[in-house]
Amino acid sequence: MDIGMERALQPLNDAQQRQVTRLAIEVGQRLLQHGAESSVIMDVTRRLGLALGVEYVEVSLSASSIVISTRHLGCCITTTRRCQDGGINMQIVTDIQRICILVERGLLDCNDVQHRLENLKTQRYNRWLVALMIGLSCAAFSRLAGGDWAVFLLTFCASSVGMCVRQQIASYHFNPLLNFAITAFVTTLISGLGQVYNIGEQPFLAMASSVLMLVPGFPLINAVADMVKGFPSMGLARWTMASLLTLSTCMGIVAAMNVLDVWGWLL
């Protein structure tokens, strides 16, 4: 019998069960905040609770909260947490999964888990590097669509500036819907100058390519995954949010087109 199984069979007192419950819900909360799939959240949370010694762990998820119940020796403890959006971050999700594996192997106890969770830090790339790479990726799409080098440069400038605007607005913790609308407006306003001044052979490609950074691909993928794996309510909630982000982007694009009186690929 390994160390983890020996520890799991040891009885827990009330205070220890409460500590395990708090750790389990904190793990679930972090995973939900940072964009993990519902199946991953429930699986990791249950495994952590069982590895720390409780007999039973039940998890209930909603779009903005998580409820966990643990049972041990006839004592049941239920707690709930509200989950504010922390932005998609797979590094945090991966680090929490590593913690769960170490607990299952008997290498960490409750205090170790608490310490590691408190010291989890989000590692972010340099904002200027992100803007540069986003600009290059959108510009590459414009080339793949048949644009010339003038369109490539225009797309690069528009999407890079748009990404800087998006990052700046996000730093002020504005609503993501407003962020996407303003970013789409600024990006389309810059790329639309290609239509106004006839930059390149197909300037409308810059308008179409520069806003590709605003496609909510990850939320849409998670939404489909949740619905396929038996979490329809979570899937629908994520699908609705992704649809609203898309709608906000469209509103920003149309607003910029009205200002410039150019309609790019829509004509």
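Is Y172 buried or exposed? Y172 has a relative accessibility of 53%, so this residue counts as exposed. The cut-off for exposed is over 50%. Keep in mind that the model is a predicted one.

The structure holds two aromatic pairs. A pair of aromatic rings is described by the distance of the centres and the angle of the planes. Take W149 and F152. Their ring centres are 5.1 Å apart and their planes stand at 70°, so this pair is edge-to-face. W149 is exposed, with a relative accessible area of 55%. F152 counts as buried, at 16% relative accessibility. Now return to Y172, whose partner is F174. This pair is edge-to-face, with 6.4 Å from centre to centre and 80° between the planes. F174 counts as partly exposed, because its relative accessibility is 46%.

R143 is over the face of W149, at 4.1 Å from the ring centre. R127 is over the face of W128, at 5.5 Å from the ring centre.

Next, the sheet. Strands of a sheet pair through backbone hydrogen bonds, either parallel or antiparallel. Here three strands make an open sheet, in the order β1-β2-β3, with antiparallel pairing. Its edge strands are β1 (56-61) and β3 (75-82), and each pairs on one side only. From one strand to the next, the twist averages 15°. Look at β2, residues 65-72. Eight bridges join β2 to β3 in the antiparallel sense. V67 stands opposite T80, a residue of β3. Helix α2 (residues 14-33) packs on this sheet and touches β2 and β3. The direction of α2 makes about 30° with that of β3.

Finish at T187. Which helix holds T187? T187 lies in α8, residues 176-191. T187 counts as buried, because its relative accessibility is 0%. The cut-off for buried is under 20%. What lies 2.7 Å from a polar atom of the T187 side chain? The backbone oxygen of T183 does. Leave aside the neighbours within four places in sequence, and T187 is in contact with A158, S159, G162, S210, V211 and M213.

Terms used: Residues numbered from 1 in each chain as written. Heavy atoms only, no water. Helix = DSSP H or I, 4+ residues; strand = E, 2+ residues; numbered from the N terminus. Buried < 20%, exposed > 50% of the residue type's maximum accessible area, 1.4 Å probe, protein only. Polar contact = N/O pair within 3.5 Å; in protein donor to acceptor, adjacent residues only side chain to side chain. Contact = heavy atoms within 4.5 Å. Phe/Tyr/Trp six-rings, centres within 6.5 Å; stacked < 30°, edge-to-face > 60°. Lys NZ or Arg CZ within 6 Å of the ring centre and 35° of its normal. Pairing = 2+ DSSP bridges. Axes fitted to C-alpha atoms, helices over the stretch in contact; angles between N-to-C directions.
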